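Please read them with the coordinates open.

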Amino acid sequence: MKSLLLLCVLAMSPLSVAAEPPNIVYIICDDLGYGDVHCLAPETCKIPTPHADRLAAQGMIFTDAHGGSSVCTPTRYGIMTGRYSWRTPLQKGVVTGFAPNLIAEDRPTVASVLKTQGYTTGIVGKWHLNFQYADPQSGEIYSRKKYKKPPVGAMIPDGPLQRGFDYFHGFHHARDMEAVIENDRVIEHDAVVNMLPRLTEKAAAWIDSQAQKDQPFFLYVPLGSPHTPIVPTDQWKGKSGLGDYGDFVMQTDHAVGEITAALERNGMADNTLVIFTSDNGCSKAAGIPKLAGQGHIVSAHLRGSKADLWDGGHRIPFIVRWPGKVAAGSQNNSLICLTDLLATTCEILRIDMPSGSGEDSVSFLPALSGDPILSTRNGVIHHSFSGHFAYRQGKWKLLLARASGGWSAPNEANAPAGSPIAQLYDMDADIGEQHNLYTEKPEVAAQLLKLLEQDVNRGRSTQGEPSQNDTSDIVLWKSENKKQNAAKRKKKD
């Protein structure tokens, strides 16, 4: 890479950037809870994570960062597009592959925007935003009904390479993990236990391949771990003393170390922005009660876990290292969302976001130098597996659900009798979300609901021209709507 020079101070922010645009490496784990990273919860995390801890010691921890959802696909959509996924027809749950890409072909992505700025772009890992598989000879689109897993040789007409990436090595999602993909073709079937070692090796090798190139790069590393299948290799089994999940977290942390080591051996670390995060909270499949019995609390001080509206579902680890730009060992309490990558990269490069993009994206670049984020967004919207909504502004959080809105007990089906239709929490005084103030603070709840409705109806949560959602079927009060529909069906019967 060319030698490092400093540019003038960014407008509206004292953070200076390199004369050459920085490389960007974005590592996102799958189902890694806030309490699964030792430096974030040293009293309750019993799993060693030395490489994530080292990144934190060299950079900044964000303590109030959130996925765009509490499950996989919606968060990934938000990272790539700067837009909440419930603005698309995906109103709950996740996609399952063998279907057209969830990202519209004409929608800018972080990768496509960076590519216009001269970046080489690569993804090594899990896509989970849908794409199709086609017969390489006839072009016939394969269906899930016909194929249990994508066949070797299948072509992908609408995958990452058609959404801004130059290179892809990985898989679609856990159900199809045996099908290994390179660029736009299924190249082999391999045992799932080999996927994490494969991704670790390929990510580091791709960084090595960029060493002699005279252009910046963006490497997106959406690891498939520690999501199920929880399959640590023999090398890692027994390392944590907490069972397979703890071992798999340790192996995932090792992958982070191998990626950062590749930057360092190629002399790239000083001009590379590294982000380490997770898509949502820890899954129940990890065996949360058993881990707790061993002293390990996957969500640390937060209530809930993956799929929930409570913060354990979507508040996630978020660590940024950028030598010379981000103070080592620093911490930031700003409220940010994973939809913010697009706006942040555009501000780093001092370019405008493309028209019709990034409707829910705010740059957190000022926070990297300890300054307030200049947000045009009133608040952050949370979304659960079942499509329940919540709204966070400052210390206040409104949940349009009677209970978890997800998988944790009590969920919506078994909320205690007489539970209010919604929840309101003071997150400064009650970060564990134990004291529902919905009936005590109706004026606060009403104001947050009004802001949520505005953000939904305008097609964007940031300032700018009103945008259009891709669907009109956005229901805010999921539980109440379900009850009303059930009552109608009963009356009809």
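1. Aspartate 30 and arginine 76 are both buried. This is a predicted model, and the comments here should be read with that in mind. The two residues form a salt bridge, with 3.6 Å between the closest N and O atoms. The partners come from distant parts of the chain: aspartate 30 sits in the loop between β1 (23–29) and α1 (50–58), while arginine 76 belongs to helix α2 (residues 72–81), 46 residues apart. With a cut-off of 4 Å for the nitrogen–oxygen distance, the pair at 3.6 Å counts as a salt bridge.

2. Arginine 76 also meets the side chain of aspartate 279 in a salt bridge, at 2.7 Å from N to O. Aspartate 279 is in the loop between β8 (272–278) and α6 (288–293) and arginine 76 is in helix α2, so this bridge ties together parts that lie 203 residues apart in sequence. Aspartate 279 is buried, as is arginine 76.

3. The side chains of lysine 149 and glutamate 178 meet at 2.7 Å, N to O. This pair, too, links distant parts of the chain, with lysine 149 in the loop between β3 (120–126) and β4 (167–171) and glutamate 178 in the loop between β4 and β5 (179–182), 29 residues apart.

4. How many salt bridges does a search of the whole structure find? The count is 25. Shared partners join Asp64, Asp311, Arg315, Arg392, Lys397 and Glu433 into one network of salt bridges. Arg392 and Lys397 return in point 7 as residues of a strand pair.

5. The sheet to inspect is an open one of 10 strands with mixed pairing, in the order β6-β5-β4-β3-β7-β1-β8-β9-β2-β10. Its edges are β6 (185–189) and β10 (330–337), each of which pairs on one side only. From one strand to the next, the twist averages 15°.

6. Within that sheet, β8 pairs with strand β9 (residues 318–321) in the antiparallel sense, over four bridges. Threonine 277 stands opposite phenylalanine 318 of β9. Which helix packs on the sheet and touches β1, β7, β8 and β9? It is helix α5 (residues 244–265), with β7 spanning 217–222, and the direction of α5 makes about 175° with that of β1.

7. Strand β13 (residues 396–399) has partners in both β12 and β14. Strand β12 (residues 389–393) runs antiparallel to β13 over four bridges, and arginine 392 stands opposite lysine 397 in β13. The two strands form a hairpin with two residues between them, where glycine 394 in the turn has a positive phi of about 60°. Strand β14 (residues 423–426) is also antiparallel to β13 and joined to it by four bridges, with leucine 399 opposite glutamine 423.

8. Both faces of β13 are covered. Trp396 and Leu398 on one side are buried, and so are Lys397 and Leu399 on the other.

9. Beyond its neighbours within four places in sequence, methionine 80 is in contact with Ile103, Pro108, Thr109, Val110, Trp127, Leu129, Phe165, Phe218 and Tyr220. Methionine 80 and histidine 254 are 25 Å apart, C-alpha to C-alpha, and 174 residues apart in sequence.

10. Serine 461 is placed in the loop between α8 (442–457) and α9 (478–492). Is serine 461 buried or exposed? With a relative accessible area of 2%, serine 461 is buried. Its side chain makes a polar contact of 2.7 Å with the side chain of aspartate 360. Neighbours within four places aside, the contacts of serine 461 are Tyr84, Arg87, Glu359, Asp360, Thr376, Arg377, Asn378 and Asp455.

Key
Residues numbered from 1 in each chain as written. Predicted model: local features only at pLDDT ≥ 70, side-chain atom pairs only at ≥ 80, totals over all residues. Heavy atoms only, no water. Buried < 20%, exposed > 50% of the residue type's maximum accessible area, 1.4 Å probe, protein only. Pairing = 2+ DSSP bridges. Axes fitted to C-alpha atoms, helices over the stretch in contact; angles between N-to-C directions. Contact = heavy atoms within 4.5 Å. Polar contact = N/O pair within 3.5 Å; in protein donor to acceptor, adjacent residues only side chain to side chain.
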